[in-house]
Amino acid sequence: ADWSRAQQVDIRQQLESGCRYLDIRVAQHPTNVEKFWTCHGLFSNPMTEVLENIRDFLANNVQEFVVLDFQELHEKSTCCKTQVKGPDGKLEDQHNMSPQSSAELLKLIQFHLQGLVLPRSTGVDITYGDLMATPYRVVIMHKYPECLPDVSVPRDNSGVDVDVLSSRHCFCRKTHLRSDWKNKSTALPLFQALHAEVMEEPPEGQIRVLQCVLTPTPKMTIMARVPGTKMKSLLHCSHVVKRQLHYYLAKEWKTRQLGIVMYDMADDPIINELIVRYNMMNGEAAADPQS
């Protein structure tokens, strides 16, 4: 559990501390009555609980929004392989949920987040002001939206369109999200790679996610059992990352548009406030040709 637990607090507490992006990995529980669970090596929370926390938070914070990034989807204890087109246009076998399970998960999201999910037709580059002028408060990123059912929009008894979630409500991670996993086990090379990315111009038509996370090696997990070893869990890794994040936010990245900053144990209100402040300040500067 020490190397699987990436957060110390529940979804509601993460949202209250300033988090607005949730990296969600979902798997089907083989025995529990709750079918869909968040999973990071180990089963964590039922998706029902996650979605209820998001709905309740948004109901009490009407000027906020949440990005749900479904980075991994697993079919029970094994993965269902789905053929999708790779970057070269060829079909590839990719781990995914079956179409039936994907449809069930969409229905669960639909039940809890009815009317809150942004349609893909609005575009991922919608401004905060324009988003707040709509009833939508949730953006869904999906690994393979092309594998989701494209449900036709039914009408209720009065002839009004019913908002049914389908592939039309899910942005494609590969197209609309830049989220580069650095795969570094120590802080120096991790932040060298992150700094190089931050110095680039933000990608057009994409949301950028800076993955400020250390990736433990097998040696690290073995050495964690040795007395005196400092890095004993993802919690200890997160302490190292947060110290560096404080430095880069205070010194190196003050004038940059950061986009989304993802880090483990993401309940640091100072880090979260600085990220929001720089994005708003530097985003406005980038939009003003006189700045």
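Predicted model: local features only at pLDDT ≥ 70, side-chain atom pairs only at ≥ 80, totals over all residues.
1. Start with helix H2. Its buried residues are Met47, Thr48, Val50, Leu51, Asn53, Ile54, Phe57 and Leu58.

2. Now the whole chain. The protein chain holds nine helices and 11 strands. It has 291 residues, and buried residues make up 44% of them. Look also at how contacts span the sequence. Among contacts between residues at least 6 apart in sequence, 64% join residues at least 24 apart.

3. Helix H3 covers residues 99-112. H3 has 14 residues and reaches 20 Å from its first C-alpha to its last. That is close to the 20 Å expected at 1.5 Å a residue. Which residues of H3 are buried? They are Ser101, Ser102, Leu105, Leu106, Leu108, Ile109, Gln110 and His112.

4. What covers the buried residues of H3? The cover includes helix H2 (47-60). It also includes strand S1 (21-28), strand S2 (36-39), strand S4 (66-74), strand S7 (138-142) and strand S8 (170-172). Find these elements in the structure and look at H3 from each of them.

5. Serine 101 sits in helix H3. Its relative accessible area is 3%, so serine 101 is buried. Set aside its neighbours within four places in sequence. Serine 101 is then in contact with Gln28, Lys35, Phe36 and Glu75.

6. Next, the pair H2 and H3. Two packed helices are described by the angle between their axes and the distance between the axes. The axes of H2 and H3 come within 9 Å and cross at roughly 30°. The crossing of H2 and H3 is right-handed. On the H2 side, the contact is made by Met47, Thr48, Leu51, Glu52 and Arg55. On the H3 side, it is made by Leu108, Ile109 and His112.

7. How far apart are the axes of H6 and H8? They lie 11 Å apart, and the helices pack at an angle of about 40°. The angle therefore makes H6 oblique to H8. H6 passes H8 in a right-handed crossing. H6 makes the contact with Ala187, Leu190, Phe191 and His195. H8 makes it with Val240, Val241, Gln244, Leu245 and Tyr248.

8. Turn to the nonpolar cores. The largest has 30 residues. Those with the most contacts inside this core are Phe191, Cys212, Leu245, Leu249, Trp253 and Leu258. Helix H6 (187-198), helix H8 (234-250) and helix H9 (269-287) each supply at least two of its residues. Which helix gives the most to this core? The answer is H8, with seven residues.

9. Leave aside its neighbours within four places in sequence. Phenylalanine 191 is then in contact with Val241, Gln244, Leu245, Tyr248 and Trp253.

10. Alanine 224 is found in the loop between helix H7 (218-223) and H8. Is alanine 224 buried or exposed? Its relative accessible area is 12%, so alanine 224 is buried. Alanine 224 and aspartate 2 are 222 residues apart in sequence. In space they are 9.7 Å apart, C-alpha to C-alpha. Leaving aside neighbours within four places in sequence, alanine 224 is in contact with Trp3, Thr229, Met231 and Lys232.

11. Check the backbone at asparagine 183. Phi of asparagine 183 is near 55°, a positive value in a residue other than glycine. Asparagine 183 lies in the loop between strand S9 (177-180) and H6. At 45% relative accessibility, asparagine 183 counts as partly exposed.

12. Where is methionine 265 found? Methionine 265 is in the loop between strand S11 (260-262) and H9. With a relative accessible area of 2%, methionine 265 is buried.

Terms used: Residues numbered from 1 in each chain as written. Heavy atoms only, no water. Core = buried A, V, L, I, M, F, W, Y, C linked by side-chain atoms within 4.5 Å. Buried < 20%, exposed > 50% of the residue type's maximum accessible area, 1.4 Å probe, protein only. Contact = heavy atoms within 4.5 Å. Expected span 1.5 Å × (residues − 1). Axes fitted to C-alpha atoms, helices over the stretch in contact; angles between N-to-C directions. Parallel < 35°, antiparallel > 145°, perpendicular 65-115°, else oblique. Left-handed = near helix turned anticlockwise from the far one by under 90°.
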